[in-house]
Amino acid sequence: MTPLTFVREIDPVDILAVPAHRRLQTLAVATWACMMPICLVIFFLLCSLPLLWPLIILYISWVFLIDKAPDQGGRPSKWMRSLRPWSWFAGYYPASLIKASAISYTPSSSAKRLNPRTRDTCRKSTSPPTDHMSLVITLMVSIIGMGAFATFATESTGFSKAFPGIKPHLLTLASNFHIPLYRDLLLSLGICSVSKKSCTNILSSGPGSAITIVIGGATESLAARPGTADLTLKRRLGFIKVAIQQGASLVPVFSFGENDIYDQLSNEKGTTTYKMQKTFQRIFGFTLPLFHGRGLLTYNVGLLPFRHPIVSVVGRPIAVTQSDKPTKEYVEQVQAQYIEELVRIWDTYKDTYARERTSELKLID
């Protein structure tokens, strides 16, 4: 795939020739991509029924005035996280998980029965004691973290079987929890707000509690292109401070293939497109990468991601010394360890899962 210029010829899908299981996979990805507008349509349809107005008023009041779940660990449901459609979602790319090192967990009989999509490459545990909490950080060099969602918000890649006792919470913008019905779906998957209050509450809720943060955010999404791995990390110290304040271990996770599921319009620094995107980001708090993938009926035009393997490699945990007011020197020391482990993951697996790369790992900011 090359950077988006103009689509000159549409490559249509021969629906009758597509196997049933691949149709289900595409349907699962398309449904999740449209889940926010689907929830809004359902909500407004319910609002059109006068008999439901009292319940709707109570629901809205509860959402905006009472419910604190987005900042308190959500309402994760094992049943919801294990639904069959999530396995179709993960199988679309396919998305998989590699346990490159043991992480602190409570032993259980299920520890040895890993999901077929999960590969355990660790030899000996070098993890902190089991009474430590794990702060799981995923550096997704991508426009949309599909691998992060599949691995940390569902059981489609076998996270709980690979790391029994660890309770992951994928974090997202607080504004997502203002959308009726959609918010409740997110909460049932254990997805929570990325606010500092949320991070603190989850990590202090007991051993095994873990948060998953997409560090690069909007800035990194603008640099996401097939074959590249440009990380926005140098000035990202907030997540390290939270980990130190809570005495939580840092676990680098690199997701290979995330950048290859979309093409993006050229937007180098200094261009009009880049300036408009950064202005939008300053005003609204997020940005809109100009990207394209495939569609339901075409292979090269649409907003669905391309099929490309996504492999999330969970690295070695980095133990920290708890401190309510960590010094700048200690924060930078931990950051250096974090970057070192991230580079180790890249160097170890790049020739296996990034064979088509056009450049090496770069820290751009």
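Visitor: Which helices do the buried residues of helix 2 pack against?

Guide: The buried residues of helix 2 pack against helix 1 (20-33), helix 3 (53-66) and helix 8 (182-188). Contact means heavy atoms within 4.5 Å; buried means under 20% relative accessible area, exposed over 50% and partly exposed in between (1.4 Å probe, protein chains only). Helices (H or I, at least four residues) and strands (E, at least two) are DSSP runs, numbered from the N terminus. This is a predicted model: local features need pLDDT of at least 70, side-chain atom pairs count only at pLDDT 80 or more, and totals for chains, interfaces and linings use all residues. Residues are numbered from 1 along each chain as its sequence is written, and side-chain values use heavy atoms, leaving out hydrogens and water.

Visitor: Which residues of helix 2 are buried?

Guide: They are M35, C39 and F43. Seen down the helix axis, they fall within an arc of 70°, so they line one face of helix 2; the arc is that of the directions from the axis to the C-beta atoms. The face turned away from that buried side carries the exposed residues F44 and L45.

Visitor: How is a pair of aromatic rings described?

Guide: By the distance of the centres and the angle of the planes. Rings of Phe, Tyr and Trp (its six-membered ring) pair if their centres lie within 6.5 Å; planes under 30 degrees apart count as stacked, over 60 as edge-to-face and the rest as tilted. Here, 18 aromatic pairs are found in the whole structure. One of them, F254 with W346, is tilted, at 5.6 Å centre to centre and 55° between the planes.
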